[in-house]
Amino acid sequence: MVDSRGWEKTASAVSISGIQAATQWKRFTGSYQVLPDTPGSKVLFRVEGVSAPLSGTVEIRNLRFALETQPVFPAYRTLTALASRSADGGTLYLTVFNKDPQKPVRAEVKLENFDAAAGSGVVLAAAAPETAADTIPRPVAVKPASGSFVHEFPAASMTALKFRRNR
């Protein structure tokens, strides 16, 4: 089997050797892993290692193709967050990661069971993931209203916020 775009374009095929030497019915099997963008596959017969002209008949009995699927894992969440409180319960720490290397994500953050007037912290965001080591922290501030706030988390970023409980 070969990718329908051809070996020259994709180098994607499976070869099963020994068929040319078979003189009786014999079982041959092969496994072909298609490329993710493969539009289709072709069955191709090609005899190699023959120096003289070749003639004959190819007979196929019980040709079967079985589709084998690999496990599909769900996409990971673009935003991941971790929250913790200080030992006295008066400070809430929130760290949010935006794992999308290209797009900022706007999200609503709810501070349940924690009444805070404002939060401040830093954002580490890179122009590209491979330049994250050169990132300089930028200050950030948010103002929750009714226990929540909306914030745009930059692409490929980590935002660390600190909230103090209203007294």
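Mentor: Let's start with a term we will need: two strands pair if DSSP finds at least two bridges between them. The model we are looking at is a predicted one.

Trainee: What makes strand β3 and β4 a pair?

Mentor: The cut-off is at least two bridges. Strand β3, residues 79–85, and β4 are joined over 7 bridges in the antiparallel sense, so they pair by that definition. As an example of residues facing each other, L82 stands opposite T95 in β4. The hairpin of β3 and β4 has 5 residues between the strands, and G89 takes a positive phi near 80° there.

Trainee: How do you know that β4 and strand β9 pair?

Mentor: By the same test of at least two bridges. β4 and β9 (residues 157–165) share 8 bridges, again in the antiparallel sense, and F97 has M158 of β9 as its bridge partner.

Trainee: Why is strand β4 called largely enclosed?

Mentor: A residue is buried when its relative accessible area is under 20%. In β4 (residues 91–98), 6 of the 8 residues are buried, so the rest of the structure largely encloses this strand.

Trainee: What makes a set of residues here the largest nonpolar core, and which have the most contacts inside it?

Mentor: Membership takes buried residues of the listed nonpolar types, joined through side-chain atoms within 4.5 Å. The largest such set has 15 residues, and L94, V109, L111, F149, L161 and F163 have the most contacts inside it. Two or more residues come from each of β4, β5 (105–110), β6 (116–125), β7 (138–142), β8 (148–153) and β9, with β4 giving the most, 3 residues. Leaving aside neighbours within four places in sequence, V109 is in contact with L94, G147, S148, F149 and F153. In soluble globular proteins, nonpolar side chains tend to be buried together.

Trainee: What makes the phi of A11 worth a remark?

Mentor: A11 has a positive phi of about 55° although it is not a glycine. Most residues other than glycine have a negative phi. A11 is found in the loop between α1 (7–10) and β2 (41–42). A156, also not a glycine, has a positive phi near 45° and lies in the loop between β8 and β9.

Trainee: How much space lies in the largest pocket, and what lines it?

Mentor: About 2,400 Å³ of space lies in the largest pocket. It is lined by 49 residues, and I16, I19, F28, F45 and L63 are the closest to its centre. By class, the lining has 23 nonpolar, 17 polar and 9 charged residues.

Conventions:
Residues are numbered from 1 along each chain as its sequence is written. This is a predicted model: local features need pLDDT of at least 70, side-chain atom pairs count only at pLDDT 80 or more; totals for chains, interfaces and linings use all residues. Side-chain values use heavy atoms; hydrogens and water are left out. On a 1 Å grid over the protein atoms alone, a cavity is a set of points where a 1.4 Å probe fits but cannot get out, and a pocket is an open set with protein on both sides within 12 Å along at least five of seven lines; lining residues have an atom within 4 Å of a point. Grid points are joined across faces, edges and corners, and a volume is the space filled by probe spheres set on the points. Ala, Val, Leu, Ile, Met, Phe, Trp, Tyr, Cys and Pro count as nonpolar, Asp, Glu, Lys and Arg as charged, and the others, Gly among them, as polar. Buried means under 20% relative accessible area, exposed over 50%, partly exposed in between (1.4 Å probe, protein chains only). Helices (H or I, at least four residues) and strands (E, at least two) are DSSP runs, numbered from the N terminus. Contact means heavy atoms within 4.5 Å.
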